[in-house]
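Subject: Structure handover

Hello,

Here is the structure I promised to pass on. Please open it next to this email and follow along.

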Amino acid sequence: MVITSDAQGDGLVGDVRRIAVLRANSIGDFVLTLPALAALRSAYPSAEITLLGDAWHPDLLAGRPGPWDRVEVVPPYAGVRGNDSASHSSQEVQGFFTEQRSRRYDLAVQLHGGGANSNPFVEALGAGLTVGLRDRDAPPLDRWLRYRHYQHEVHRFLEVVSLIGAVPVGFEPQLAVTRDDRIAAAAVLPRGRPLVALHPGANDPRRRWPGENFAQVADVVAARGASVVVIGHGWADARAAEEIIRAAGREVTDLVGKLTLAGTIGVLAASRLVVANDSGPRHLAAAVGTPTVGVYWWRNLLNTGPLTAARHRVVVSARSTCPSCGVDQVHARCDHDASIVADVSADQVIDAALDLLS
């Protein structure tokens, strides 16, 4: 096929029956692809769209309406899913590619980064035409767009699918809330007062706002009549929830580790407001229509921040250096995990929260 680059494409592809889309990483990363998936569905309404995702994707997407028909879990593969030592040629990987090639995809779309590892992965699917991103160290696909760091992820992925004629049908990620989500949430939520959910976690510990600051937010919104819950999973989130509850002067309900993925979505959808770090739950909350206040490091805001301000607020740290050693965090990563957003004050977040609640 003819290799094209830098937004050069040939528009819609004819006779497309099956499309594979690679996005096998975290929840927030997936949410940011939703506008691109919706554009694909609109452009190819009769095609079967298969998401090649992570192990958690079936739990989220099974039975949930959306622009996908199938979900396949990608095996461990360095640079795509799993750690950097995962094999590119294990028996499991080879079996996966054999099975996927048998599906005879007409299009394979790489929405998984710069392509050093993900482009060879997509090529191995044997699709009729491949499309995606390409950093300078990555092999080309049939139609590709140069990967540049400073671009919002939603716009990046919409630009990728435009190479095969898919035009935006919306820019805000949207995720359907199901009856099962609401039932799971109702089983654990306090009743009778407006709900405010806090999520103190983040995959990168440097993006975690201090628990005592979340506690100050909890006290203020609880004093104005809200029920406050903390959500999350894993030991780091559990420790943060304990810190919040210990520091708060008012009642805060700990739901960390007590919710399924469906229950988490139900809680987010039931909330009047979600206050969170730059994290998957903040993205999920926005996608189900709940207002959010996000604590962001400026560099992440450029790529993953909310695109509108009617229902969302961001409070941003302009710090660029590690608080422990002073190393520039824009161009390097030191060994410290000190919060780079701790200089965001509780008053800034409280003001944003009360603005949205009012």
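Below is what was found, taken topic by topic.

Please keep in mind that this is a predicted model.

Strand 8 (residues 227-230) runs parallel to strand 9, and two bridges join them. Where does Val229 find its bridge partner in strand 9? The partner is Thr253.

**The second largest pocket**

Next, the second largest pocket. It holds about 250 Å³ of space. Its lining is made up of 14 residues. Closest to the pocket centre are Arg208, Ala236, Arg239, Ala240 and Glu243.

Which element gives the most to this lining? Helix 9 (residues 234-247) does, with six residues. By class, the lining has seven nonpolar residues, five charged ones and two polar ones.

**Aromatic pairs**

Then the rings. Across the whole structure there are nine aromatic pairs. One of them joins Phe30 and Trp56. The rings sit edge-to-face, with 6.1 Å from centre to centre and 80° between the planes.

Why does this pair tie together separate parts of the chain? Phe30 lies in helix 1 (residues 27-31), while Trp56 is in the loop between strand 2 (48-53) and helix 3 (57-61). The pair therefore links parts that are 26 residues apart in sequence.

Are these two residues buried or exposed? The cut-off for buried is under 20% relative accessible area. Phe30 has 1%, so it counts as buried. Trp56 has 17%, so Trp56 is buried too.

A further pair is formed by Phe96 and Phe97. This one is also edge-to-face, at 5.8 Å centre to centre and 65° between the planes. Both residues are buried. Phe96 and Phe97 also belong to a cluster: ring pairs link them with Tyr77 and Phe121.

**A charge over a ring**

One last contact to look up. Where does the charged end of Arg134 sit? It is over the ring of Trp144, 4.7 Å from the ring centre.

That is the handover. Write back with any questions.

Best wishes

Methods: Residues are numbered from 1 along each chain as its sequence is written. This is a predicted model: local features need pLDDT of at least 70, side-chain atom pairs count only at pLDDT 80 or more; totals for chains, interfaces and linings use all residues. Side-chain values use heavy atoms; hydrogens and water are left out. On a 1 Å grid over the protein atoms alone, a cavity is a set of points where a 1.4 Å probe fits but cannot get out, and a pocket is an open set with protein on both sides within 12 Å along at least five of seven lines; lining residues have an atom within 4 Å of a point. Grid points are joined across faces, edges and corners, and a volume is the space filled by probe spheres set on the points. Helices (H or I, at least four residues) and strands (E, at least two) are DSSP runs, numbered from the N terminus. Ala, Val, Leu, Ile, Met, Phe, Trp, Tyr, Cys and Pro count as nonpolar, Asp, Glu, Lys and Arg as charged, and the others, Gly among them, as polar. Rings of Phe, Tyr and Trp (its six-membered ring) pair if their centres lie within 6.5 Å; planes under 30 degrees apart count as stacked, over 60 as edge-to-face and the rest as tilted. Buried means under 20% relative accessible area, exposed over 50%, partly exposed in between (1.4 Å probe, protein chains only). A charge sits over a ring if NZ of Lys or CZ of Arg is within 6 Å of the ring centre and within 35 degrees of the ring normal. Two strands pair if DSSP finds at least two bridges between them.
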